[in-house]
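Subject: Structure for you to look at

Hello,

Here is the structure we talked about handing over. Please open it alongside this email.

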Amino acid sequence: MAKARAPTSSAGRVLAVMAVVLCMMLRSVEAATYIVGDATGWSNAVNGASFYSTWASSKTFQVDDVLVFNFISGKHDVSVVSKSDFTSCNTSSAITFHTTPPVNFTLTTTGALYFTCTHDSHCSQGQKLSVMVGTASGPPGTSTPSNSGTDFVYASCRFMFTSMAIYFITMW
Ligand SMILES: [Cu+2]
């Protein structure tokens, strides 16, 4: 019985290492990339401000996710503004300002972020986007069924690590 255990144990170690590597790979690809407006891109031709809020409402944004703003150079820009400037479409006091498409904006902090275009009246025509950035463990106080795929991966990894911990405690 003791003899039969040794090969099982080393095979278990190999499997465990593979599981750790797999989980690390999954973690490294966890950050998502979102094309703002999908095929529409970043545009003022969106029939009102609800277009980008509708687009954002179906998504759960997390730190390290990337927003990609696709637009024609010189026709639009991406301006990060305060909440009040977002609401009033005041485009003259940008926090950060990006003009070269595609603008890849990495979400580095949790909380609300506000984007507008400063061209003409594009903001009031609907070219404005607000996102709420949560943490990887989920934004506080909200349940996000759309993220259940990612949650399943985390749950699987947690289960694997727990199983391995129990395995090593009993076998090693
Ligand atoms: Cu614009």
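Below is what was found in it, from the overall layout down to single residues.

This is a predicted model. The mean pLDDT of the protein chain is 82, and 66% of its residues reach 70 or more. Residues 138-148 are the stretch to treat with care: pLDDT stays under 50 there, and the model has seven contacts for them beyond four places in sequence. Where pLDDT is low, the coordinates should not be read in detail.

The protein chain has four helices and eight strands, in the order α-β-α-β-β-β-α-β-β-β-β-α from the N terminus. Of its 172 residues, 19% count as buried. Among contacts with a separation of 6 or more, 78% are between residues 24 or more positions apart.

E3 and E6 run antiparallel and are joined by four bridges; Leu67 stands opposite Phe105 in E6.

The largest nonpolar core has 17 residues, and Val36, Trp42, Leu67, Phe69, Val78 and Leu129 have the most contacts inside it. Helix H2 (50-57) and strands E3 (66-69), E7 (111-116) and E8 (128-134) each supply at least two of its residues. Neighbours within four places in sequence aside, Leu129 is in contact with Val36, Tyr52, Ala56 and Phe115.

Regards

Notes
Residues numbered from 1 in each chain as written. Predicted model: local features only at pLDDT ≥ 70, side-chain atom pairs only at ≥ 80, totals over all residues. pLDDT = per-residue confidence, 0-100. Contact = placed C-beta atoms within 7 Å. Core = buried A, V, L, I, M, F, W, Y, C linked by C-beta atoms within 7 Å. Buried ≥ 20, exposed ≤ 12 C-beta atoms within 10 Å, placed from the backbone. Pairing = 2+ DSSP bridges.
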